[in-house]
Amino acid sequence: MPDHESASQRVADLIADQVQLNPVSVLGLATGGTPERTYAILSERVCSGALSLSQVTTFNLDEYVGLSAEHPQSYHAYMRRHLFDVTDVRLEKTHLPDGAAVEAGGHSGSRVCEAYECLVDEAGGIDWQLLGLGSNGHIGFNEPGSAGDSVTRIVELAEATIEANSRYFDSPDEVPRQAVTMGIGSIMNAKRIVLIATGAGKANAVQQAVGGPVTPDLPASFLQRHPDVTFILDEAAASELESSR
């Protein structure tokens, strides 16, 4: 794709195709700057009557530990702002990990994670999973070193991730140091996966994810083992793939 706009349009098309094929689809959703335009396009289509999301069930990949759903930088608030409150998605059919319920070092964290895995299982699993890509190769908040069979759990965020996400907070000190994330194994259970990456800052991670060895050091590389995964890239993010041919 030539640019971020065209990549976002393509991802929105793929989501719309999935929902039209199966209106009760279970969608796995991502947050961050990259998918914002995709969500805006979906909102435009719902508002115009070209698409309905009223029957879908959604599960988000992750949430910060310690932020309430009302915190403006929580992923609960992000999803309401960018998709849930501006489309016909039914809030009772949306799910995010409960980062506010996690007690640091306590047992409630494992209960939150186990409960989330159970909710996904009860919904029949993820039909269509959207992923972004961190510059260090993380998917969800599965940082380098994550095992390929990992499930939903509490993780420590890498300094690179904290620095990248600090632009959404008043200072880096305000960025939570932990998150609840679906594991790589959980993500790999999705029937179809679509990853969107744009910008030159993602080019090296894309190259390693697609053409490098499968290794915990580059979590996205595990996607090479999935039977139905699509990378949607703009020219900048794909630049190192082209140079390596």
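Colleague: How much space lies in the largest cavity?
Modeller: The model is predicted, so local features need pLDDT of at least 70 and side-chain atom pairs pLDDT 80 or more, while totals for chains, interfaces and linings use all residues. Residues are numbered from 1 along each chain as its sequence is written, and side-chain values use heavy atoms, without hydrogens and water. A cavity is a set of points on a 1 Å grid over the protein atoms alone where a 1.4 Å probe fits but cannot get out. With volume taken as the space filled by probe spheres set on the points, joined across faces, edges and corners, the largest cavity holds about 40 Å³.

Colleague: What is the volume of the largest pocket?
Modeller: A pocket is an open set of points with protein on both sides within 12 Å along at least five of seven lines. For the largest pocket, the volume is about 450 Å³.

Colleague: Which residues lining the largest pocket are the closest to its centre?
Modeller: The lining has 9 nonpolar, 12 polar and 3 charged residues. Of these 24 residues, the closest to the centre are Thr31, Gly32, Leu133, His138 and Asn165.

Note on methods. On a 1 Å grid over the protein atoms alone, a cavity is a set of points where a 1.4 Å probe fits but cannot get out, and a pocket is an open set with protein on both sides within 12 Å along at least five of seven lines; lining residues have an atom within 4 Å of a point. Ala, Val, Leu, Ile, Met, Phe, Trp, Tyr, Cys and Pro count as nonpolar, Asp, Glu, Lys and Arg as charged, and the others, Gly among them, as polar.
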